[in-house]
Amino acid sequence: MSERSEDNGPGATRSDTRLVVVTGVSGGGRSTVARALENVGFYVVDNLPQALMLEMAELAYAAGGAARQTAMVLDVRSRAFSTDLAGAIEALRERGFQPRVVFVDADDEVLIRRFESVRRSHPLQGEGRLVDGITAERKLLEEARDQADVIIDTSHLNVNQLRRRVEELFGGEDARRLRVTVLSFGFKYGLPPDADFVLDARFLPNPYWVPELREHTGRESDVSDYVLGQDGAISFIEAYAGLISSTAAGFEREGKRYLTVAVGCTGGKHRSVAIAEELAARLRLAWLSANPQHRDLGRE
């Protein structure tokens, strides 16, 4: 079998595909780990039968692109689960992949509290007690835990702390940064439903009523200079740039990765476009990842 794939680009090999295998005890936080991996760009396959790991890895390698980072979440509740995780991992390595195994664990007392708080039984409990299910699962997962590259004990971690731990392990600094979209729009076409902040630029004079500017847009210098030259325009931008910059770290700590700042004017052609372009530029100067987009530009 060839070690190269055209979809992965010239010279790409199976070792270039980042594979993460996630397993661990029920109630330990596998779903949180899976979501955190998605946040940093991994394609996540949940509840994958162990027998399909090699096939999934090959599919990820052949697909390239976004699938080049793939996480496979194994669940003891799957009927295809076996204790021979070491053999499955070795098969991946023999094929040229370099998987990393993450095992999510927690103290028995913590697991019991978590199951009781959501009022559900353990998947291996059967007719026995909750502790019986936990014990049976630990027995089944002994070898998997021994083979893990990373063991994350979530006993004293909340959801945000666990997410940050995963992002530190598998996401670069850029993957953990807040990405800001500064979206211009026209109020007459409705509010953007995904807006986190809504800014109203209609307090500024409208270039539409200036004949030589009417047919131009806020992306052009004549209109932009006119809008930004109005009283209050720059202070308006500076105030919101400061607000967003000062709250960015807090949003990142709480796990928010995408922020939409919507800037509106009447039609989304002149004022909102010029303001959005300038605000995005100022946010980039503040070391934020910010890009302007213009929802309604061209609708008139």
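Arginine 138 is partly exposed, with 26% relative accessible area (buried means under 20%, exposed over 50%, and partly exposed in between, for a 1.4 Å probe and protein chains only). The structure is a predicted model, in which local features need pLDDT of at least 70 and side-chain atom pairs count only at pLDDT 80 or more, whereas totals for chains, interfaces and linings use all residues. Residues are numbered from 1 along each chain as its sequence is written, and side-chain values use heavy atoms, with hydrogens and water left out.

Side chains of opposite charge can pair when their charged atoms come close. The whole structure contains 13 salt bridges (a side-chain nitrogen of Lys or Arg within 4 Å of a carboxyl oxygen of Asp or Glu). In one of these, arginine 138 meets aspartate 108, with an N to O distance of 2.8 Å. Aspartate 108 belongs to helix 4 (residues 108-118) and arginine 138 to helix 5 (residues 130-140), so that distant parts of the chain, 30 residues apart, are linked (helices, H or I with at least four residues, and strands, E with at least two, are DSSP runs numbered from the N terminus). Aspartate 108 is partly exposed, at 27% relative accessible area.

A salt bridge also joins arginine 145 to aspartate 105, whose closest N and O atoms are 2.8 Å apart. Because arginine 145 lies in helix 6 (residues 142-147) and aspartate 105 in strand 4 (residues 100-105), this pair ties together parts that are 40 residues apart in sequence. Aspartate 105 is buried, at 6% relative accessibility, while arginine 145 is partly exposed, at 35%. Asp105, Asp108, Arg138 and Arg145 are linked in a network of salt bridges.

Within helix 11 (residues 271-285), glutamate 278 and arginine 282 are four residues apart and therefore separated by about one helical turn. Their salt bridge has its closest N and O atoms 2.9 Å apart. Glutamate 278 is partly exposed at 22%, as is arginine 282 at 27%.

The largest pocket holds about 410 Å³ of space. On a 1 Å grid over the protein atoms alone, a pocket is an open set of points with protein on both sides within 12 Å along at least five of seven lines, and lining residues have an atom within 4 Å of a point. Grid points are joined across faces, edges and corners, and the volume is the space filled by probe spheres set on the points. The lining of the largest pocket comprises 24 residues, of which Gly27, Gly28, Gly29, Arg30 and Ser31 lie nearest its centre. Helix 1 (30-39), helix 4 and helix 7 (159-170) each supply at least two residues of this lining.

Note on methods:
1 Å grid on protein atoms, 1.4 Å probe; cavity = no way out; pocket = protein on both sides within 12 Å on 5 of 7 lines; lining within 4 Å.
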